[in-house]
Amino acid sequence: MSSLIDIRRICTITEEIRRETGPAPGHLLKRAAVLAVLTNPYAGRYEPDILPMMEALKAPGLEMAKRCIGALGGDAKSIAGYGKGAIVGEAGELEHGALWHVPGGYAMRELLGNAKAIVPSAKKVGGPGARLDVPITHINASYVRSHFDAMEVGVPGHPRADELVLVLVMTTGARIHERVGGLKASEISVWDGQR
Amino acid sequence: MSANIRKIVVQVDETLNEMGEAVSPPTRRAVAAAVIDNPHAGQFVKDLAALTEIGVELGDLLTKRCLAALAIGPEQAESFGKAAIVGEGGELEHAAAILHPKMGTPVRAALIKGPALIPSAKKMGGMGTPIDVPLGHKDAAYVRSHFDAVEIRVHDAPRRAEIVVAIAVTDSGRPHPRIGGLQKHEIKGEDGLR
């Protein structure tokens with residue numbers, strides 16, 4: 001593994017949503033997040049060329065995506081929604097979090113059978129314990145309305161000033177009691193990643 | 001039904017310097033949030049059309065508040081996003097009803113153009129819960145310099161029977177973008193993606 005990569009901690013969160021207000025839902029919704037705490041090699045200074053880290057993150061990206069699928073039962077075909085995010089510790093720059101877009105996004109898309117939709121994302125600079133709302137959409141068509149969601153995540157005590165928290169999120173289906181219409185997953189037909 | 005608005009909060013986040021390097025022009029991100037009554041708090045209501053109509057009203061109002069806060073015209077807007085926090089008497093689906101069916105049309109009308117998906121987030125929360133409003137370029141979702149998010153919280157909302165609805169608009173990408181990918185001057189602006 002590249003000298004740029006120093007993983008300090010990995011945190012996996014799984015949620016099983018069994019019921020909401022109203023009648024018993026017809027399905028169980030599972031959501032999982034994998035959060036890796038890494039040393040930020042660019043902390044404390046302005047480094048113009050940060051692209052080597054983007055390349056170096058490819059392997060940990062794939063490892064995290066595998067863990068996320070595993071946390072949801074191990075069957076990639078059961079994954080219906082995804083998202084990603086980054087929290088940068090205080091000695092870093094927002095741009096360091098942007099390094100996660102390519103390796104985090106493409107790792108999930110590859111393992112989920114070349115998923116078509118852009119992976120929605122959020123990022124921020126934050127202190128230890130900062131929380132992040134990671135947006136979620138359907139993996140093959142961004143406009144599938146039943147799958148628009150978000151998952152709030154964080155790692156207690158991190159990121160410290162010289163750390164990055166990188167996040168991948170996956171879900172197994174639609175919101176409980178989704179009932180606001182729009183494009184359904186069963187109606188995806190254009191395969192352009194949107195509809 | 002029109003929204004019963006208790007308060008509106010507008011925030012402008014302007015980054016002038018990052019890591020000792022001047023950001024010129026500054027990165028500017030506006031968020032406008034409305035705190036509204038949730039007409040369906042405390043009960044399971046199947047038809048959420050009333051909330052969808054509130055989404056139309058707030059899409060127009062909050063987008064215009066963002067433009068006003070940035071003192072820009074719609075042609076200078078670059079990225080956008082939307083989000084909602086539902087107080088504990090409601091359901092996550094109430095946020096979906098406001099944000100997804102019809103809100104996009106008035107937002108895009110206020111910005112003249114915006115073929116890209118409006119990125120969104122939603123959650124349940126108590127008073128003071130923060131939410132990260134995801135951001136993407138309004139004309140092409142894959143513009144990498146504009147992938148971002150902006151956090152907002154309203155200290156006394158949402159109360160149990162309230163919903164906080166937020167729209168974010170920027171006139172710029174991240175400070176010092178340098179991770180490559182599609183650039184804004186390369187936008188074709190037709191399919192919403194590139």
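Reply: A disulfide is a pair of cysteine sulfur atoms within 2.5 Å. This is a predicted model, and a search of the whole structure with that cut-off returns, over all chains, zero disulfides.

Me: How far is the sulfur of Cys11(A) from the nearest cysteine sulfur?

Reply: Cys11(A) takes part in no disulfide. A disulfide needs the two sulfur atoms within 2.5 Å.

Me: Is Cys68(A) buried or exposed?

Reply: Cys68(A) is likewise in no disulfide, with the sulfur of Cys11(A) as the nearest cysteine sulfur. Buried means under 20% relative accessible area. Cys68(A) has 0% relative accessibility, so Cys68(A) counts as buried.

Me: Which residues is Val56(B) in contact with, leaving aside neighbours within four places in sequence?

Reply: The C-alpha atom of Val56(B) is 4.7 Å from that of Met103(B), although 47 residues separate the two along the chain. Contact is judged on heavy atoms within 4.5 Å. With neighbours within four places set aside, the residues in contact with Val56(B) are Lys102(B) and Pro106(B).

Me: What is the mean pLDDT of chain B?

Reply: The model as a whole scores ipTM 0.82 and pTM 0.90. In chain B, 100% of the residues reach a pLDDT of 70 or more. The mean pLDDT of chain B is 96.

Note on methods. Residues numbered from 1 in each chain as written. Chains lettered and ligands numbered in written order. Predicted model: local features only at pLDDT ≥ 70, side-chain atom pairs only at ≥ 80, totals over all residues. Heavy atoms only, no water. Buried < 20%, exposed > 50% of the residue type's maximum accessible area, 1.4 Å probe, protein only. pLDDT = per-residue confidence, 0-100.
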